[in-house]
Amino acid sequence: MIPSTTAIKPDDWASLDAAYTSLAEVDLSPDTICEWIQQWSDIEKMLEEATALNYWKLSANTNDPEVQKHYTYFWTEIMAKAMCAAHTLKKKLLACHWYQPSPEHVEMIRRMKVEVDLFSEENAAIQSTIYARSQEFLAIIAAQTVTLGGQELTVPEAEQRLYAQDRSQRESAWRAIAARKLQDRDAIDSLMLELFVMRQNMARNSNLPNFRAHRWLDLKRFDYTPEDCLSLHESIIAEFVPLWCSIQEQRKKNLELDTLRPWDLVADPCGLPPLRPFQTVEELMDGVGRICTRIDPAIGEHFTWLRNNNYLDLEPRKNKAAGGFFYFLGQRGNGYIFYNAVGNHQDTIALLHELGHAFHFYEAHQAQELYWNVHQIPWEMIELPSLSMELLATPYLTRKEGGFYDSNEDAGRAILDELEFAIGSMLRTSLSDAFQHWLYTQDAEDLKSSDLYRAWDQLVQRFFPIVDWSGFEDIRAAGWQTKHIVTHPFYSIEYVIAQLGAFQIWKNAQHNEAETIRNLRRAHRLGASRPLPDLYEAAGIRFSLDREIVKELANYLELRLYEVMR
């Protein structure tokens, strides 16, 4: 039908066009359709890998004009056309009414039907432009540095000063970081408003009331509604905000503070020196490798392979994109982990998190042949193994168990840090989601940047009521300027749902760790071949956004926190 994908160049539209055209011209029959789908799948895997590699290059050095130019070219000249070509093939497949997909491909067809209904050439062009423009945000954030004590630091490096015992050092660092971020506020405002208009135009092109409705279909959210999310926000406020506030009240008492300021939130709650589990990235990888092996030897083996084959980019450097992520390489069957490690416990958590992604996709790839059953795993499922890894690591944090810490006391501090971070993350991602529910139901013609600040400021006071921002209200109101909100709209509530699932995984592991991990790996191997509730069931947990499960897990976390803190 088509030449081998080794003869197709992902950066050359002519060769891709020939391959897509060849597939479009095939006369499908029961004898040819399976091979046809497989060949199409191979093309999509190749394009996904090219996308991943281009993003890695861009993130590794956001100040390289040639890389930026190629990234823009790839999205506007290759991917925009590839999306149109793939749409033609989807329609061709769906027109074969005699085709009876195997059970593992039923969900794939269900998703394709939504994609065909949602697609338009105008939107493909807009989406490609949005992806290209998103690099501007990465470049803005990566270029941010601050000077502390005469030393120029990246923002992730400067944020380590927020762990200092000396409150004045924390405040100085926080003020410097906040002041630097405010310098880019107007540029991010302008970019966000432009992206907002483009996204609302996509909804209008699809005859949908707003971008929220468009994004719901785009994300294939078959199993819950916007109203379910709004109810979940209220459940989180009712059950987890008081829990987080109680932790902060204890912090305030231990540190003998009259008020809790923004620069007090990550310092040790007992005023102890910050945990320094490693000095070098090599030590970080050594420790995480040992912990993974204790959780499951197969996870440790995969981590070692990634490390030995240079798929870990963990050193911070100027112009390297902020944050961390995992990206799967569809043809190779493995992915790469990108992060900025600076020496604290959160680095160990972050690496474990991304490794959870890596092992999940690796196992899905081993079990599922087609592109769509690996690369279209629901985000609520994608985040489950990664968040679970953070919690499954907690028994192995001491050096004698394979981890980093010489004493049980330091390991206990690390567990407390992880639980506080997990609870805080649920609040932050719920806040982010609530903000976007408001944002993307607004009229594009009427929205102003001041509206963004006002809406965020009102919400942040509901989710984080205990923090005293006096004198820094403008900085509090600018908190919406994050990567997920600007470049990945509505990629927030998945973390909350998956965190509720991860707490269930952790709870199950207290009773039978081996069975819990077997169940989780069974869910890994299903990829995207089953509906989301079925994937959670395979992992041995419930998929639910109801107040009942939120309350149940908040109570469980409160008990575990008491055990760690006593």
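Me: Why is Phe-490 called buried?

Reply: This is a predicted model, and in it Phe-490 has a relative accessibility of 0%. You will find Phe-490 in the loop between helix H19 (483-487) and helix H20 (493-511).

Me: What makes the phi of Phe-490 worth a remark?

Reply: Phe-490 has a positive phi of about 65 degrees, although it is not a glycine. Most residues other than glycine have a negative phi.

Me: Which phi does Asn-310 have, and why is Asn-310 called exposed?

Reply: The phi of Asn-310 is positive, at about 65 degrees, and Asn-310 is not a glycine. Its relative accessible area is 62%. Exposed means over 50%, so Asn-310 counts as exposed. Asn-310 sits in the loop between H12 and S3.

Me: Why does Ser-246 count as partly exposed?

Reply: Ser-246 has 40% relative accessibility. Buried ends under 20% and exposed begins over 50%, with partly exposed in between, so Ser-246 is partly exposed. Ser-246 belongs to helix H10 (residues 226-254).

Me: At what angle do H16 and H17 pack, and what is the hand of their crossing?

Reply: Helix H16 (residues 408-439) and helix H17 (residues 449-463) pack at an angle of about 145 degrees, with axes 10 Å apart. The crossing of H16 and H17 is right-handed.

Me: Which residues of H16 and H17 meet?

Reply: From H16 they include Leu-427, Leu-431, Phe-435 and Trp-438, and from H17 they include Leu-452, Trp-456, Leu-459 and Phe-463. By class, the contact of H16 with H17 divides into twelve nonpolar residues, two polar and one charged.

Me: Now the strands. How do you know that S4 and S5 pair?

Reply: Five bridges join S4 to strand S5 (residues 334-338). Pairing needs at least two bridges, so S4 and S5 pair, and they run antiparallel. Phe-328 has Gly-335 in S5 as its bridge partner, while Tyr-327 stands opposite Tyr-336 in S5. The hairpin of S4 and S5 has four residues between the strands, and Gly-333 takes a positive phi near 85 degrees there.

Me: How many bridges join S3 to S5?

Reply: Two bridges join S3 to S5. The cut-off is at least two, so S3 and S5 also pair, and these strands run parallel. The bridge partner of Asp-313 in S5 is Phe-338.

Me: Why are S3 and S4 called edge strands?

Reply: The three strands form an open sheet in the order S3-S5-S4, with mixed pairing. Strand S3 (312-313) and strand S4 (325-329) are the edges, as each pairs on one side only.

Me: What covers this sheet?

Reply: Helix H12 (residues 297-308) packs on the sheet, touching S3 and S5, and its direction makes about 75 degrees with that of S5. Helix H13 (residues 345-367) lies across S4 and S5 and runs at about 20 degrees to S4.

Me: How do you know that S5 is mostly covered?

Reply: Five of the five residues of S5 are buried. Asn-334, Tyr-336 and Phe-338 point one way from S5, and Gly-335 and Ile-337 point the other way.

Notes:
Residues numbered from 1 in each chain as written. Predicted model: local features only at pLDDT ≥ 70, side-chain atom pairs only at ≥ 80, totals over all residues. Heavy atoms only, no water. Contact = heavy atoms within 4.5 Å. Axes fitted to C-alpha atoms, helices over the stretch in contact; angles between N-to-C directions. Left-handed = near helix turned anticlockwise from the far one by under 90°. Nonpolar A, V, L, I, M, F, W, Y, C, P; charged D, E, K, R; others polar. Buried < 20%, exposed > 50% of the residue type's maximum accessible area, 1.4 Å probe, protein only.
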